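I opened my notebook today to look up a few things in a protein model. Here is the model, so that you can follow along.

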Amino acid sequence: FWGQVLTRMQKEAINENDPDYIFTVDYDTWFTKGHVYALMQLMERYPEYDAIFPVQIKRQSETVMIGCGAEKRAFTEEELNSEVIDAVTGHSGLTIFRASAFKDLKKPWFLAVPNKDGEWEEDRLDEDIYFWHNFKKSGKKAGMARMVSIGHIELMATFPARAGSGENV
């Protein structure tokens, strides 16, 4: 129901408040008000972008969550010297959208699609990635704020050892 809830919340925020911007925030994202201000400043400075997200790595990884198209590639020197890098897919950890971008965004905004065998294994399309592809196909432009980095909270469980034995129970 993640996509359904997110769609309803975004539509409600737009219809009731007529905002300039909409933020998405994930429960496992660490950020400060300085990150929010920086993203808002970038949206003002770069009106050609409909969404800008900060640098965030995948949990238990060192991979930055940005998709730049079908090919895996290194960033160009020009991209590494820019404030915002063009992206096809991003994340919703702390992403700022122009509210106007949702007015003509093709529906559904979020859709999970199984792989060609009807399975939810490799080659499936998760709701969030579907959203970003739909965003681009709808003529919207997304980018990653190169100098804004946020945290991705990771959970870890610890267990007590069996009393006196040093073994887990």
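My entries on a helix, a loop residue and some rings follow.

**Ground rules.** I am working with a predicted model, where local features need pLDDT of at least 70, side-chain atom pairs count only at pLDDT 80 or more, and totals for chains, interfaces and linings use all residues. Residues are numbered from 1 along each chain as its sequence is written, and side-chain values use heavy atoms, with hydrogens and water left out.

**Helix α1.** I took helices (H or I, at least four residues) and strands (E, at least two) as DSSP runs, numbered from the N terminus. I then checked the length of α1, residues 2-17. The expected span is 1.5 Å times one less than the number of residues. For the 16 residues of α1 that gives 22 Å, and the end C-alpha atoms are 22 Å apart, which agrees.

Next I asked which residues of α1 are buried (under 20% relative accessible area, with exposed over 50% and partly exposed in between, using a 1.4 Å probe and protein chains only). I found G3, L6, T7, Q10 and I14. A handy reminder to myself: an α-helix has 3.6 residues a turn, so residues three or four places apart point the same way.

The buried residues of α1 pack against β1 (21-25) and α4 (127-137). On the face turned away from them I noted the exposed residues R8, M9, N15, E16 and N17. V5 is also in α1, and at 38% relative accessibility it counts as partly exposed. After the helix comes D18, whose phi is positive, near 45°.

**Loop residue S92.** I located S92 in the loop between β4 (84-87) and β5 (94-98). S92 is buried, with a relative accessible area of 14%. Leaving aside residues up to four places away in sequence, S92 touches W2, T24, V25 and D26 (contact means heavy atoms within 4.5 Å).

**Rings.** How many aromatic pairs are there? I got 13, pairing rings of Phe, Tyr and Trp (its six-membered ring) if their centres lie within 6.5 Å; planes under 30 degrees apart count as stacked, over 60 as edge-to-face and the rest as tilted. The rings of F97 and F131 have centres 5.8 Å apart and planes at 90°, so this pair is edge-to-face. F97 lies in strand β5 and F131 in helix α4, so the pair ties together parts that are 34 residues apart in sequence. Both F97 and F131 are buried.
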